[in-house]
Amino acid sequence: MTVTKAAAGTKRRWLPAEMTTAPILPETAGPIPIEPRYALLINPFYRKDPSASFGKHVLTPTLALTSFAATTPLHWRIRYWDENLLDGTPPLNPIPQVVGITVHLTFAARAYELARWYRGRGAKVILGGLHVLSCPEECAPHADALALGDGVQLWPRILRDVERGCLQSSYVAAYENDYSEDPPPRRSILPRHSFLTTTSIIATRGCHNRCGFCYLATEGLRMPYRMRDPKLVAEEFAGDHQPYAVFIDNNLGSRRDYLRVLCQELRPLKKIWSAAVSIDVTDEPGLIREMALAGCTGVFIGLESLSDDNLADARKKSPKTSDYARRVSLFHDYGIQVNGSFVLGFDHDRKDVFARTAEWVEENRLECATFHILTPYPSTPLFKQMEASGRLLHRDWSRYDTAHAVFRPRHMTAEELEQGYAWIYQRLFSHSSIWRRRPADWRSVPFYLAMSYLYKRSNRFWHLLIKHDLVHAVWSPMVELTRLRHIRYRARLLSGSDTALMAGSVVSAGV
């Protein structure tokens with residue numbers, strides 16, 4: 001099927017106004033008092049993609065802001081606010097002395113709007129995040145100070161200078177300190193009822209790949225692969241008292257020797273977790289078994305493309321695509337769900353890429369799939385290549401969200417690429433495709449169907465849960481059921497009686 005035929009079957013997705021428009025910041029008639037030594041950390045609103053699940057926005061909180069909060073001096077009051085939880089406007093009275101805003105290119109305009117509002121009322125605004133690092137000249141006029149690099153190192157210095165009245169215009173830190181010295185995130189500031197789990201953990205930073213389209217390839221970003229002491233990671237997991245954790249590492253499996261030790265530390269916790277790994281972690285099948293015994297129920301894998309030529313152009317170190325199916329089956333053999341991530345619009349992609357990719361996902365029974373339109377992030381090699389060849393269509397950062405075509409594809413139009421993107425999501429999460437991808441083991445089918453329907457086909461339900469702060473309350477029983485089921489599976493795996501039971505866990509890398 002070509003993209004032209006695919007587009008004919010696409011439908012308009014449901015998208016309520018709350019998911020497209022940020023809360024209006026009010027005009028104030030008179031001055032609002034400023035509270036000294038009060039810092040507010042904001043994750044700005046961003047427009048939601050109706051093709052994807054709204055659930056991914058409340059899976060787990062941003063780790064950056066809670067990590068900064070952990071370094072806040074005790075005599076400062078600290079508050080966290082995520083505009084995507086649909087709780088209305090951020091705290092406005094009293095005005096914080098300091099407002100820290102994380103900036104991503106897709107919500108840069110909203111970050112600037114928030115900065116302008118708070119600065120206009122006397123707050124000192126600090127902007128940090130990847131977009132600040134890649135486009136500092138653009139961000140500087142909107143802030144009192146920029147945090148360039150590792151915010152965990154910079155945040156205490158910034159607050160100290162605010163107290164002394166000598167705030168600098170920019171602060172710079174590299175990502176080369178001993179990672180084990182970083183304090184655990186300050187999760188006490190989070191609205192726990194708003195997230196499926198508050199245990200977002202990062203054990204490693206960096207990746208052995210240096211893909212030209214990835215934000216890790218941003219000019220000026222040097223992030224060597226760093227690892228935390230596995231014992232500290234396990235203690236952090238245990239200390240948050242949640243049954244399920246999400247490792248948000250770029251690639252937890254970049255160092256397989258480290259992952260093996262980490263699994264040994266996680267195994268006694270009898271909890272469950274998911275993580276992003278690269279497909280080459282399957283070079284050691286025994287390690288996949290260790291992951292399962294340690295509680296891994298799902299992996300997010302950047303397969304990116306089914307074309308070796310595309311992977312070579314992207315400079316991704318990956319096994320041959322012809323071996324992807326065998327490697328995916330290794331995860332399934334040990335009850336680990338696979339969320340395969342694919343990028344659409346590479347230079348070797350033609351109009352049949354959408355149907356071919358969908359058919360491959362169905363044939364290999366991937367429990368979940370995530371799709372992205374190739375997006376040239378500022379200051380990456382891909383951006384420079386597209387800019388030099390005149391292929392960029394615009395610099396409206398709000399559309400650089402991997403759901404819009406912002407460049408001229410080589411073998412189709414931008415419109416055809418967007419139509420194909422919408423179609424493949426519709427195809428993969430149709431009733432028929434969900435059924436075709438059901439696990440081979442009949443015992444796992446009910447759990448798989450629950451995940452597919454509740455996560456991917458229930459945006460109206462997710463909107464209701466988010467709006468009424470019911471995410472954690474509704475999902476907790478399902479998470480605990482999955483944990484208990486996985487404990488039983490591990491016992492059978494150790495005894496050698498069952499190696500393919502858990503392929504339908506509700507909790508996976510897709511949730």
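This is a predicted model: local features need pLDDT of at least 70, side-chain atom pairs count only at pLDDT 80 or more; totals for chains, interfaces and linings use all residues.
Reader: How many helices and strands does the protein chain have, and what radius of gyration goes with its 511 residues?

Author: The protein chain contains 18 helices and 14 strands. Its C-alpha atoms occupy a box of roughly 65 × 55 × 40 Å along the principal axes. A compact globule of 511 residues would have a radius of gyration near 24 Å, and the value for the protein chain agrees with this, at 23 Å.

Reader: What percentage of the contacts with a separation of 6 or more joins residues 24 or more positions apart?

Author: Of the 511 residues, 59% count as buried. Among contacts with a separation of 6 or more, the share from residues 24 or more positions apart is 75%.

Reader: Which residues touch the most other members of the largest nonpolar core?

Author: In soluble globular proteins, nonpolar side chains tend to be buried together. The largest nonpolar core here has 76 residues, and helix α14 (residues 414-428) gives the largest share of this core, with seven residues. A second, separate core of 41 residues includes I78, I158, Y455 and V471. In the largest core, the residues that touch the most other members are F247, W273, M291 and F331.

Reader: With which residues is F331 in contact, leaving aside its neighbours within four places in sequence?

Author: F331 is one of the residues that touch the most other members of the largest nonpolar core. Leaving aside neighbours within four places in sequence, its contacts are V277, I279, V281, T282, I288, V299, I301, I336 and V338.

Reader: Is helix α12 mostly covered or mostly uncovered, and which of its residues are buried?

Author: Helix α12 spans residues 353-363 and is mostly covered, since eight of its eleven residues are buried. The helix is followed by R365, which has a positive phi near 55°. The buried residues of α12 are V353, F354, A355, T357, A358, W360, V361 and E362.

Reader: Which peptide bond is cis?

Author: Most peptide bonds are trans. P94 is found in the loop between β2 (77-82) and β3 (95-102). With omega near 5°, the cis bond is the one from N93 to P94.

Reader: Where do L86 and E304 lie, and what is the relative accessible area of each?

Author: Most residues other than glycine have a negative phi. L86, in the loop between β2 and β3, has a positive phi of about 60°, and E304, in strand β12 (residues 296-304), has a positive phi of about 70°. Buried means under 20% relative accessible area, so L86 is buried at 10%, and E304 is likewise buried at 10%.

Technical notes: Residues are numbered from 1 along each chain as its sequence is written. Side-chain values use heavy atoms; hydrogens and water are left out. Helices (H or I, at least four residues) and strands (E, at least two) are DSSP runs, numbered from the N terminus. The radius of gyration is taken over C-alpha atoms; the globule rule is 2.2 Å times the number of residues to the power 0.38. Buried means under 20% relative accessible area, exposed over 50%, partly exposed in between (1.4 Å probe, protein chains only). Contact means heavy atoms within 4.5 Å. A nonpolar core is a set of buried Ala, Val, Leu, Ile, Met, Phe, Trp, Tyr and Cys residues joined through side-chain atoms within 4.5 Å.
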